[in-house]
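Please examine the sequence and the structure shown below.

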Amino acid sequence: MANLDDLYREIILDHYRSPRNRGELPPPAHHVEGFNPLCGDEIVVYVLIDDGVLVDIKLTGHGCSISQASSSLMSGAVKGKTLEQVRDTIATFKQLMTVHEGQLGEPAVATSPDADLRRLGELAALAGVVKFPVRIKCATLAWNTLAQALDETST
Amino acid sequence: MQRVINDRPITYLDSGASSLTPRSVIEAMDRYYQHHHANVHRGVYQTANEATAVYEGARARTARFLNAPGGSEEIVFTKNATEAFNLLARSWGAAFLSPGDVVLVSEMEHHANIVPWFQLRESHGVEVRFIPVDDDFRLDISRIDELMRGVKLVSVTGMSNVLGTINPIHDLAEMAHAHGALIAVDGAQSVAHSSTDVVALDVDFLAFSAHKMLGPTGLGVLWARQEILSSMPPFLGGGGMIKDVSVNGFTATTGPSRFEAGTPPIAETAGLAAALTYLEGLGMDNIAAYEKELTGDALTRLALEFNGRVRVIGPSDTLDRGGVISLDVEGVHPHDVAQVLDQFGVCVRPGHHCAKPLMKRFGLAATARASYGPYSLVSDTDVLLEALTHAVTMFG
């Protein structure tokens, strides 16, 4: 049985109550809006990129504890990193959020090996989300929006 | 439905999304598949005749439930209430509305009664206008004469799927007709919870879904006055809706079949007929009174127990109000509320409830909605409050 404590880890509740890197960045920072049409959550990701480095990142918007904590944790994990490192972190996180197709009623199985969990540091607190498949979209909203922002700035 | 989830029996408070199914409904569908299965309106053999009798019998049963003056001839079976509205817009709307004609809906409509009209705006240039919702969660009809200018159709919900507000349909029908307009009603939330008499309401169209009134999924109904329905062009084309087809073209048949191309849901109509019998066995007025009691009890306790931390998005008393209770829990996102409630076996619906204009009106992204049915119990509210207390504490 998926336990509620797996989802609402203390670190997640902490990031939900006191989100990091909230706010906006003025131009030349680039910003992208992300929506979760199912639950109405909205997020705006601001990125300031200089010489291949994600110099600064800020976030606004509203959403559930999972989407807010995930975006807050994400901002801490990618700020100051090279774009290559950022893309790598995005890929690793999205892998963590991938489940095998399971039979109805069977628990979803995370595909991520333990090594990836260690590399993710604090982000690993979100690993429990895969046990609640409908919440995966909440956790990945900020990450997909960040990926889109990187794509748009690299062209 | 008897299941244990997270070591708790299910507390089903999502009847607004889909109601639970009585055994008699499941048995009626089972009987069709085991004893009468055949396509309708085709074969001459025994079971084909029986299948047709099941299907047409359900049509007559539905007409009687609504007190439809023209009987079976006024009942079109669709896939759901959404398809019924699309049929109305694509057939009646496209045929009888001209650029600049106004369709008047309300801010509390479900997307099913908004988007088809926006689509008609794109294809036929009609105007879509909204009756505002006031701070007491009621339709604001103070400026109705102004709003009615150029209106050809008023299309409003009988009961809001978010607020629980029951709208004054008879008054709106009077206003619409006085301005030479017709009126369509979204009955998806209302038909299962109180009696619906289309003659007494004096309406022209009514759309609803079987699965929100103890029936099966995959079946909806569009009721329309016979003289209007017979003037409407066909909707989907195919088998069953034609009088004649040649290499040069087709002639559409008359009556409801005109709008029912292809093999319809047949077992589902048997299920709907059984659901209507079940509802009428309980008595629609009894259901309305019982659910009013449940709703009143829940509203009172929600107001008392949470010191204002749980706000009801909807009328605070049971006057012209049904058993749909949308909650806004201070500091806790509806998705998280619903997740914690699930741990207690409580089924509620988080989200915008396909009513985004209404959500924007009240500055909300979403609510957590508990909705009652005729089988709901006061003990369901007990569990809801226990779980809500836990959610408030956890995120507090």
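The model is predicted, and its side-chain atom pairs are counted only at pLDDT 80 or more. Chain A contributes 22 residues to the contact between the chains, and chain B contributes 16 residues. Between them, chain A and chain B bury an area of about 1600 Å², and carbon and sulfur atoms account for 55% of this area. Polar contacts across this interface involve eight residue pairs, with both members at pLDDT 80 or more. On the side of chain A that touches chain B, α1 (4-7), α2 (10-17) and α3 (65-78) of chain A each provide at least two residues. The largest share of that side, three residues, is supplied by α2(A). Sorted by class, the side of chain A that touches chain B comprises 14 nonpolar, five polar and three charged residues. One salt bridge is counted between chain A and chain B. Its partners are Arg135(A) and Asp336(B), whose closest N and O atoms are 2.8 Å apart.

Within chain B, attention may turn to strand β4 (residues 75-78), which is covered on both faces. In a regular strand, side chains alternate between the two faces of the sheet. Here Ile75(B) and Phe77(B) lie on one side, Val76(B) and Thr78(B) lie on the other, and all of these residues are buried. The strand β4(B) runs antiparallel to strand β10 (residues 220-224) of chain B, and four bridges join the two. Within this pairing, Phe77(B) is placed opposite Val221(B) of β10(B).

Is the arginine at position 369 of chain B buried or exposed? Arg369(B) counts as buried because its relative accessibility is 1%, under the 20% limit for that class. Arg369(B) belongs to strand β17 (residues 367-371) of chain B. The side chain of Arg369(B) comes to 2.8 Å from the backbone oxygen of Asn161(B). Leaving aside residues up to four places away in sequence, the residues that Arg369(B) touches include Leu13(B), Asp14(B), Val324(B), Val348(B) and His353(B).

In chain A, the side chains of Arg20(A) and Asp14(A) form one of them, with an N to O distance of 2.8 Å. Arg20(A) is partly exposed at 31% relative accessibility, and Asp14(A) is partly exposed with a relative accessible area of 31%.

In chain B, Arg301(B) and Asp297(B) form a salt bridge in which the closest N and O atoms are 3.0 Å apart. Both residues lie in helix α10 (residues 284-305) of chain B, where they are four residues apart, about one turn of the helix. Arg301(B) counts as buried at 17% relative accessibility, whereas Asp297(B) counts as partly exposed at 24%.

A further salt bridge brings together the side chains of Arg311(B) and Asp328(B), at 3.3 Å from N to O. Arg311(B) lies in strand β13 (residues 310-312) and Asp328(B) in strand β14 (residues 324-329) of chain B, so this pair ties together parts that are 17 residues apart in sequence. Arg311(B) is partly exposed at 41% relative accessibility, while Asp328(B) is buried at 18%. Finally, Glu56(B), Arg59(B) and Glu260(B) are joined into one network by salt bridges that share partners.

Key:
Residues are numbered from 1 along each chain as its sequence is written. Chains are lettered from A and ligands numbered from 1 in the order in which they are written. This is a predicted model: local features need pLDDT of at least 70, side-chain atom pairs count only at pLDDT 80 or more; totals for chains, interfaces and linings use all residues. Side-chain values use heavy atoms; hydrogens and water are left out. Buried means under 20% relative accessible area, exposed over 50%, partly exposed in between (1.4 Å probe, protein chains only). Two strands pair if DSSP finds at least two bridges between them. A polar contact is a pair of N or O atoms within 3.5 Å; within protein, one must be able to donate a hydrogen and the other to accept it, and residues adjacent in sequence count only if both atoms are side-chain atoms. Contact means heavy atoms within 4.5 Å. Buried area is the accessible area (1.4 Å probe) that two parts lose on being put together, summed over both. A salt bridge is a side-chain nitrogen of Lys or Arg within 4 Å of a carboxyl oxygen of Asp or Glu. Ala, Val, Leu, Ile, Met, Phe, Trp, Tyr, Cys and Pro count as nonpolar, Asp, Glu, Lys and Arg as charged, and the others, Gly among them, as polar.
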